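Here are some notes from a pass through the model, jotted down as numbered points. Have the structure open while you read.

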Amino acid sequence: MYQVLYRKYRPKVFSDVYGQDHVTSTLINEIKENRISHAYLFTGSRGTGKTTCAKILAKAVNCEHSVNGEPCNECEVCRGLDAGTIYDVVEIDAASNNGVDNIRDLREEVNYTPTRGRYRVYIIDEVHMLSTGAFNALLKTLEEPPAHVIFILATTEVHKLPATILSRCQRFDFKRIKPETMAVRLRQVASFEGMELDDDAAVLIARIADGAMRDALSILDQCAGRDKKIDSRLVSEVAGIAGRESLYKLSDAVCGQNSSDALNVIADLYANSYDMERLCVEMINHFRNFLIVKTVKKSRELIICTDDEYSAIVSGAENFTLPRIIFALDLFQKSLGVIKRGANARIEMEMSFIKLCDPKLEQSADALLDRIASLERAVKNGETAAVRKTGKKEDSIVSGERSVGETAEKKEETQERENTEEPYAPPMENPSAFEPESEPAPPVSDPSSTAAFIHWAEFMEEIYKSDIALYGVLNGARGYVRDEFFLIDSENAVLRQFIRIPTHSKAIKQALFNVTGKQFKLGLFKKKEEKQKRDPLEELISKARGKVDIEIE
């Protein structure tokens with residue numbers, strides 16, 4: 001009868017346990033020095049070796065010819081325990097034996113001496129499933145068991161155990177097995193089974209298993225059922241996850257704000273039976289890699305992948321700002337929670353990508369910060385591209401009229417054109433309706449005291465030299481002078497936050513002084529008639545770095 005790989009290659013000695021050296025070395029030393037505790041607690045995530053180490057420990061303490069703390073696996077006791085013919089080691093599933101009566105039966109059994117070995121060992125798996133009454137019934141026996149009894153408790157949720165139980169056990173925390181360690185074991189098992197396992201495939205299996213060796217061997221077993229030659233594409237198909245190419249296509253679509261391409265990729269994956277919940281997890285890991293590259297100096301040590309894939313990750317991360325990566329991670333995390341609560345996974349993923357491709361649809365603070373960061377980056381890089389959406393295609397319209405690299409001649413033409421334009425005259429029914437920033441309001445005076453600022457072009461040139469981000473925010477605005485106040489009339493809602501920042505407000509005052517030789521206090525001109533509410537960044541994007549016509553269907 002065929003035996004699955006995780007059972008066939010379950011370690012029989014401590015040295016075969018991968019990734020838990022801190023546990024196995026301590027247990028070996030205790031056995032060698034005969035310092036065996038009466039109660040052990042093994043805790044950790046699934047598939048990390050808790051039950052395996054419990055069985056090895058049970059054999060080692062009863063082995064007739066133990067070698068350096070390891071069971072020999074040759075003596076009668078070791079063979080009997082492996083075959084199940086010696087009943088000195090008892091495994092109890094606490095999930096189905098969690099009542100007080102079950103623990104009372106156990107308390108009666110512990111009084112019997114071992115039949116063949118030196119110790120009776122009770123392995124209680126998923127011990128956190130015991131009821132409160134069962135825990136209370138176990139306390140006294142767990143604290144002072146007979147000399148020939150050893151308890152080994154195993155759990156994945158140690159926080160559910162009462163403190164009275166924890167204090168009576170010697171605790172060992174099993175860590176998630178590192179992907180590189182797991183990949184070594186996978187290649188070893190593959191060689192034993194006559195498989196051809198690519199390095200990329202081994203790393204991918206290790207990443208999918210998420211620290212659980214049992215899960216990794218199960219995936220390898222499933223892949224071997226399809227083909228003895230296992231590569232990353234086969235692993236992706238068997239595990240039902242999107243391949244790396246699909247992940248990069250999706251992130252490229254987000255970068256280019258092309259929701260049509262993103263939805264087409266999702267449709268292809270869905271048609272090939274890829275799990276949408278797994279796709280969400282993969283996108284979280286994908287953008288997590290971007291986050292690590294952006295924030296950690298030695299990011300290569302924290303990203304488990306091949307050198308070629310790491311180069312692709314670094315290249316992909318350059319297309320995203322840090323706020324945008326964080327916004328994407330937050331959005332996918334929320335989507336994953338919604339999917340787990342029973343929502344339609346495909347629709348939820350499609351909604352997430354549409355929001356990422358069109359940030360105006362998301363009105364959260366994180367989305368607004370992402371848009372501001374993207375705009376600042378575009379302004380600093382001298383980009384004046386607007387997106388024209390027509391059907392499924394998007395064309396980039398680049399205006400050279402006000403680009404950073406425009407010639408002196410174009411600057412003069414632009415400046416002359418601005419100077420000859422008729423100044424904008426705002427309504428004067430309520431000239432005192434403005435909001436000064438951290439300055440006292442001026443006294444109400446005659447409307448004639450408010451005049452258009454005639455040196456706006458020279459003022460903008462000074463701002464361009466000293467604060468390029470502020471220059472982009474002020475494009476399309478107008479200035480007015482009223483007594484000792486300089487009032488800015490702008491439809492850009494971001495300006496309010498900008499002039500509250502000392503560096504930006506100082507830049508405005510310094511530019512005014514350079515142009516006029518006067519010191520001004522700052523304020524925002526507020527018209528009496530409120531305009532129709534609009535998206536806070538739509539006007540800023542439409543006028544960023546020049547007069548660019550934006551047509552969105």
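1. A word on numbering before we start: helices are DSSP runs of H or I with at least four residues, strands are runs of E with at least two, and both are numbered from the N terminus. Keep in mind that this is a predicted model.

2. With that in hand, look at helix 9, residues 199-209, where you'll find D200. This Asp belongs to a surface patch of negative charge, together with E196, D198, D227, D231 and D308.

3. On to the aromatics. The model has 19 aromatic pairs. Take F453 and F486: the ring centres sit 5.1 Å apart with the planes at 80°, which makes this pair edge-to-face. F453 is in the loop between strand 11 (450-452) and helix 20 (456-466), while F486 is in strand 13 (residues 485-489), so the contact ties together parts that are 33 residues apart in sequence.

4. Another pair to check is Y464 with Y471. Their ring centres are 5.0 Å apart and their planes meet at 70°, so this one is also edge-to-face. Both Y464 and Y471 are buried.

Key: Residues numbered from 1 in each chain as written. Predicted model: local features only at pLDDT ≥ 70, side-chain atom pairs only at ≥ 80, totals over all residues. Heavy atoms only, no water. Patch = residues over 30% accessible without salt bridge, like charges linked within 9 Å, V, L, I, M, F, W, Y side chains within 5 Å. Areas by Shrake-Rupley, 256 points an atom, 1.4 Å probe, with all protein chains shown as cover. Salt bridge = Lys/Arg side-chain N within 4 Å of Asp/Glu carboxyl O. Lys, Arg positive; Asp, Glu negative; His and termini not counted. Charge placed at Lys NZ, Arg CZ, Asp CG, Glu CD. Phe/Tyr/Trp six-rings, centres within 6.5 Å; stacked < 30°, edge-to-face > 60°. Buried < 20%, exposed > 50% of the residue type's maximum accessible area, 1.4 Å probe, protein only.
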